[in-house]
Amino acid sequence: MTPYILVTGGTGFIGSLTTVSLLEAGHNVLILDNLSNSSPSVLDAIEKITGKRPDFIQGDIRDAALLADLFSRYSIQAVMHFAGLKAVGESVQFPLRYYDNNVHGSVQLLQAMQAANVRTFIFSSSATVYGDPKFLPLTEDHPLSTTNPYGHSKLMVEEILQNLYKSEDGWRIACLRYFNPVGAHPSGLIGEAPQGIPNNLMPYVAQVAVGERAQLSVFGDDYDTPDGTGVRDYIHVMDLAEGHLAALNYCLENDSELLAVNLGTGTGYSVLDMISAFERSSQRRIAYQIAPRRPGDIASCWADTSFARKKLGWTASSGIQKMCDDAWRWQCHAAATKNG
Ligand code: NAD
Ligand code: UFG
């Protein structure tokens with residue numbers, strides 16, 4: 001029987017869409033998720049899109065007994081580790097929660113992998129590990145620094161992975177540094193469903209467009225950028241999913257590997273660019289007001305994508321209009337489902 005790819009956090013935004021890509025590529029997928037930030041209904045959507053239903057275990061990556069049982073019952077070829085908490089502001093308020101979930105949880109998972117002799121690991125890292133960019137575009141050898149517990153938890157796991165790689169033969173590890181994942185599955189059936197008020201720009205914009213929120217606050221228009229608003233490298237989540245497949249294939253083809261790779265498009269867009277693109281997709285006006293800068297935000301951030309292209313043979317293909325079209329389709333679907 002084909003061995004499984006274990007996808008932790010696989011009912012979440014990026015994990016569920018990577019599961020779609022894995023299933024479509026012929027992999028068997030086992031999802032482990034504690035549903036702290038997702039719904040099991042996403043399994044139905046995955047099945048509807050792919051015609052296949054991934055195996056699913058509801059549980060926590062910090063539960064050592066559960067992990068030992070899982071690795072003894074399933075033949076696991078590789079682990080894609082998405083499970084974690086991701087809200088920067090919340091991490092400042094509750095740092096221990098973030099270190100426990102993101103760092104301790106990752107250590108528990110790696111220990112279970114070690115015991116089961118599974119040594120291929122794809123980790124959801126973040127461009128946040130670069131801190132305030134000293135130069136652009138950001139290459140993988142840009143100095144690393146973080147300004148909040150969330151970012152620090154990602155950097156700590158990257159460092160733990162380096163130590164582990166040096167300590168023992170046979171580990172094949174890819175730390176994928178995501179830039180700003182947005183968009184949704186083109187069917188509109190799976191997308192980002194933040195609980196409460198969205199922290200991130202694009203879910204907020206989508207909720208204004210659909211009429212769930214009155215207006216967007218644009219955090220600062222006095223940055224040193226072409227229009228004064230923050231510039232980011234937005235990447236379509238399906239491109240990101242394909243990047244995971246490329247990293248998995250690369251790791252499986254090599255005996256031993258430790259990679260840190262940017263997953264971005266290489267192009268930066270401002271907040272106002274994204275608002276305009278979303279207005280075109282939705283054919284709605286997005287009301288906004290200029291608000292003070294958000295503490296901790298940087299002016300600009302975009303990726304150098306040449307290493308991903310050379311090493312993994314992967315590049316992102318979708319532009320911002322496709323990202324907004326797909327996000328809008330998802331937002332309309334989500335609103336229709338909510339309203340019965
Ligand atoms: P998400 O919240 O939609 O998905 C994370 C999933 O992990 C959720 O389904 C949640 O229920 C689950 N989970 C959390 N803690 C768990 C635990 N202890 N045990 C089991 N399951 C647990 O987030 P996402 O946007 O899909 O992000 C996935 C990963 O990518 C995260 O590690 C995040 O830090 C990282 N990342 C995300 C972004 C982004 O902007 N979305 C950017 C860079 C990196
Ligand atoms: N923004 C607004 N209004 C909002 C929300 C955001 O103007 O309501 C602006 C921000 O100031 C920034 C841009 O939109 O200029 C993007 O902000 P996001 O919150 O969407 O994304 P960030 O770049 O701040 O952070 C995201 C993730 C982090 C991750 C980082 C790098 O939230 O977890 O990308 O990958 F670390």
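A residue is near a molecule if one of its heavy atoms lies within 4 Å of it. The questions below concern a predicted model.

Q: Which residues come nearest to ligand 2?
A: Around ligand 2 there are 21 residues. Those that come nearest are Ser-126, Asn-200, Ser-217, Arg-232 and Asp-297.

Q: Which residue has a backbone N or O atom 2.7 Å from a nitrogen atom of ligand 2?
A: A polar side-chain atom of Ser-126 lies 3.3 Å from an oxygen atom of ligand 2, and a polar backbone atom of Phe-219 is 2.9 Å from an oxygen atom of that ligand. The backbone atom 2.7 Å from a nitrogen atom of ligand 2 belongs to Ser-217.

Q: What share of the area that ligand 2 exposes when taken alone does the protein bury?
A: An oxygen atom of ligand 2 is 2.9 Å from a polar backbone atom of Phe-219. Taken alone, ligand 2 exposes 690 Å². The share of this area buried by the protein is 89%.

Q: Which residue has a side-chain N or O atom 2.6 Å from an oxygen atom of ligand 1?
A: A nitrogen atom of ligand 1 is 3.1 Å from a polar backbone atom of Asn-34, and a nitrogen atom of ligand 1 is 3.1 Å from a side-chain N or O atom of Asp-60. Ligand 1 exposes 830 Å² when taken alone, and the protein buries 95% of that. The side chain 2.6 Å from an oxygen atom of ligand 1 is that of Asp-33.

Q: What distance separates the centres of domain 1 and domain 2?
A: The domain assignment gives domain 1 as 3-182 + 235-264 and domain 2 as 201-231 + 267-300 + 318-338. Taken over C-alpha atoms, their centres are separated by 27 Å.

Q: Which three residues supply 63% of the area that domain 1 buries against domain 2?
A: Between domain 1 and domain 2 the buried area is about 620 Å², with carbon and sulfur atoms giving 68% of it. On the side of domain 1, the three residues that supply 63% are Val-182, His-236 and Asp-239.

Q: How many residue pairs are in polar contact between domain 1 and domain 2?
A: In the contact between the domains, 8 residues of domain 1 meet 7 residues of domain 2. The interface holds 0 salt bridges. The count of residue pairs in polar contact, both at pLDDT 80 or more, is 2.

Conventions:
Residues are numbered from 1 along each chain as its sequence is written. Chains are lettered from A and ligands numbered from 1 in the order in which they are written. This is a predicted model: local features need pLDDT of at least 70, side-chain atom pairs count only at pLDDT 80 or more; totals for chains, interfaces and linings use all residues. Side-chain values use heavy atoms; hydrogens and water are left out. Domain bounds come from an automatic or database domain assignment. Contact means heavy atoms within 4.5 Å. Buried area is the accessible area (1.4 Å probe) that two parts lose on being put together, summed over both. A salt bridge is a side-chain nitrogen of Lys or Arg within 4 Å of a carboxyl oxygen of Asp or Glu. A polar contact is a pair of N or O atoms within 3.5 Å; within protein, one must be able to donate a hydrogen and the other to accept it, and residues adjacent in sequence count only if both atoms are side-chain atoms. Accessible areas come from the Shrake-Rupley method with a 1.4 Å probe; for residues, only the protein chains shown count as cover.
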